[in-house]
Amino acid sequence: MSTTTSKKLNVKTGMDTESIKADILSHLRYSLATDIETANKKEFYKSVVLSVMDRLHDSWLNTQKEYREKKTKKIYYISMEFLIGRLLDNALVNLNLEQEFRDACKDLGYDYEEIRDIENDAALGNGGLGRLAACFLDSMATLGLAGFGYGIKYDYGIFKQKIHDGYQIERPDDWLRFGTPWATTRPSVMYPVRFYGRSVPYTDEDGHLRFKWENTQHVYALANDIPMPGFRNGVVNNLRLWKATSPKSLDLTSFNQGEYINAVRDIELHENISRVLYPNDKIFVGQELRLKQEYFLVSSTLQDILREYKQQHDDLRDLPKYVAIQCNDTHPNLAVPDLMRILMDEEGFDWETSWDITVKTLSYTNHTVLPEALEKWPVSMLRNLLPRHLQIIYEINKRFINKVHEHFGDDVNRVRRMSIISEGEQPSVQMANLGIVGTHKVNGVAALHTDLIKKTIFRDFFEMYPERFTNKTNGITPRRWLKQCNKPLADLITSEIGDSWITHLSDLRKLDDKVNDKKFMKKYSDIKQQNKERLAAYVKENYGFELNTKAIFDIQIKRIHEYKRQLMLAIYAAAQYNYIKANPDAPVVPRTIIFAGKAAPGYAMAKMFIKLINSISDKINNDPDMEGKLQCFFLDNYSVTLAEQLIPAADVSEQISTAGMEASGTGNMKFALNGAVTIGTLDGANVEIKEEVGDENIIIFGLTVEGVEELRRSGYSSWEYYNADKALKQVIDQIRDGFFEPDHPSLFHTITNSLLDGNDYFLVLADYPAYAEAQKEVDALYSKPDEWFKVALYNTARVGKFSSDRTISDYATDIWGCEDQLNKGREYQGS
Ligand code: Z2T
């Protein structure tokens, strides 16, 4: 090992291998009190990251300074979830220092990949909603927007999933056990967040009735900042995550040992607010701790935004000119009453002025139409925890209901539907209604989804405020989801068309012409094979399974949910098993089916799906007749990092939700970009992917939204479909009768009952025959490799629309009013 660089220890920001090596050694010694001889891998990793941080700090400071000096409009993205995954590769790609750090590690006796794999995922999110927030941060920095993420620094991210005997087991995700070198604590940035107390009226000097929120208890929110570098443009934005801490002074008047010990012990009660991410995906659970988390995020963030604003501007009435705040779903929608409260109670504005500022500053994104996901906080809980906010919400509602009357006349049913407060046995605050009334823009996340919210859940509101509703089709960052995760493909593309695609993804259209270039197509298909082999090695090492790399890699990875219909692919796997058993000599196109995904801990049906997939997998994988023909696996603990391994290796992308239920999907975009062929329904962004790649280059099947409506209206009976399709009936009978679980034959009755007696709400049986036909199309196409890879390439070439850079440009233009800031000459144009 080399230890010859001590002369250069004071070089902190050199961009060459030698100065990087010197810094790594310096950090080992002076930050971590160890040295290259005795350090372990974790310490080496930490020194590497600290050396990366050294190279971000100047840009980080300069970027913030520039924003201050130019009074740039600031965009605040408030989200309870940021699913950012690992950061090392991303930082090095964006800094253009991959090779230098690789060489530095090597010279110091470490393999870069091994060091990279030390990093725990920052898994502060459930799925698409949190990952979207992470892609947006990357795009905002890359486009040179002053865009900041605000979230919570949970001690525990999404649970770690293990599989025991086929069942999901949850384990805490202790990602901070050894700290994270990416986060910088800012002791100077700390705010009290108040709870409880009461709202007290008084008359001010001008004789106006005002309110004070008094007798509150509080915790502190402490800022932890993670740098968010743009792609090779010198911009470094910030993700600020709040950690809950106890009040500074434990003012104990009478100290005895017992009280002292109890007081110190109770510090941790305050810290519980930022302890753990709620693992629920699309199900509202009205727990008080969750409400505390939401207000903790909103309150600390608004205090921070306004403090910063006041340092640069003197009139809060200009707030919407210099600040835009985007609420990621309804979780941060307490921003509406909290901003009102600050402007009225603390800044002395009247209602109308405060309301105007609030509505113009805020906007809100809806991510689902599923009614069970909509947040409805009990009035009783709010009255106890946030009495002043509840009072403001009632006033907002009163004024709004008056407007509804003005607009629609005396339509009591409509008023009841639109009211922010739903009356009844347990009155509650409808956070979506609050978001629509209290912001200037509400957006859906794909064209179909936005149409649906206008026509269904928010129809009344759309009729009243049509101009508020807008679509912003989701996107993904091409840096992480092509350049980093699929280096062979990224390099091939760059060698053919240059690297402008990294920031102008639609430039990939230039690849369209390559479909007839045999040499290129050979390289393109070889890369897919290489990625499949890389995945096979990874799965062998981490799971012990042997993947057949000659088979179609058919992958469904996402949260486990009935509407996403993992069950349909599981039934297909079982039907293929039955077919091969019955026709041992028939030719089959080999398939390897891979599932991964977490079920919400309280979602019994989803957990049963996992068990069923594992039981079917066992049956298939342990039958010698399946060898070389069919495999099925459930990979545990799905994560951003696992997705980065799986997606580049996929041949087939499963996007098979019941039409109308997947708001957008973003995995669909990642797969298409990496050259997988989608088998999917006309749902979410699949519709737009089809428009982009062309009807011949995607395999669409099943009911449309209208078809679903029509079938339900005309009286759907799942029994009819069960009786009509022999292969389908056979599998359902097998599931029901214990074929896959002989020791516990009734185990899956919850599943078969919901399909048959429960009348199959998600229409699995209705869509199954079309799905099985579509899978035959997959087989036929895959049997003609030249054609297959043409289709695959058209996918890579034509999904440029789904870059999150495009999504962010659309937000900047239509919602945030900062289009003038886009690409202020800093954006990377390609080399
Ligand atoms: C989530 O990941 C999504 C929606 C939610 O609604 C909650 C969570 Cl945790 C409250 C997903 C959608 O299911 C998906 O279709 C979409 O692509 C993604 O949000 C980002 O918009």
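This is a predicted model: local features need pLDDT of at least 70, side-chain atom pairs count only at pLDDT 80 or more; totals for chains, interfaces and linings use all residues.
User: How many residues surround the ligand, and which are the closest?

Analyst: The ligand is surrounded by 18 residues. The closest are Lys-282, His-367, Asn-474, Glu-662 and Gly-665.

User: How does that shell divide by class?

Analyst: The shell around the ligand has 9 polar, 5 nonpolar and 4 charged residues.

User: Where does Lys-282 come in?

Analyst: An N or O atom in the side chain of Lys-282 is 3.0 Å from an oxygen atom of the ligand.

User: And what about Tyr-563 and Gly-665?

Analyst: Tyr-563 places a polar side-chain atom 3.4 Å from an oxygen atom of the ligand. For Gly-665, a backbone N or O atom lies 2.8 Å from an oxygen atom of the ligand.

User: What share of the ligand does the protein bury?

Analyst: The protein buries 96% of the 480 Å² that the ligand exposes when taken alone.

User: Changing topic: how do helix 30 and helix 31 pack?

Analyst: Helix 30 covers residues 764-782 and helix 31 covers residues 785-798. Their axes are 6 Å apart, at an angle of about 115°. Angles of 65 to 115 degrees count as roughly perpendicular, so helix 30 and helix 31 are described in that way.

User: Which residues make the contact?

Analyst: Helix 30 contributes Val-778, Leu-781 and Tyr-782, while helix 31 contributes Pro-785, Glu-787, Trp-788 and Val-791.

User: Into which classes do the residues of that contact divide?

Analyst: The contact of helix 30 with helix 31 has 6 nonpolar residues, 1 charged residue and no polar ones.

Definitions and conventions
Residues are numbered from 1 along each chain as its sequence is written. Side-chain values use heavy atoms; hydrogens and water are left out. Axes are lines fitted to C-alpha atoms, for helices over the stretch in contact, and angles run from 0 to 180 degrees between N-to-C directions. Helices (H or I, at least four residues) and strands (E, at least two) are DSSP runs, numbered from the N terminus. Angles under 35 degrees count as roughly parallel, over 145 as roughly antiparallel, 65 to 115 as roughly perpendicular and the rest as oblique. Contact means heavy atoms within 4.5 Å. Ala, Val, Leu, Ile, Met, Phe, Trp, Tyr, Cys and Pro count as nonpolar, Asp, Glu, Lys and Arg as charged, and the others, Gly among them, as polar. A residue is near a molecule or strand if one of its heavy atoms lies within 4 Å of it. A polar contact is a pair of N or O atoms within 3.5 Å; within protein, one must be able to donate a hydrogen and the other to accept it, and residues adjacent in sequence count only if both atoms are side-chain atoms. Accessible areas come from the Shrake-Rupley method with a 1.4 Å probe; for residues, only the protein chains shown count as cover.
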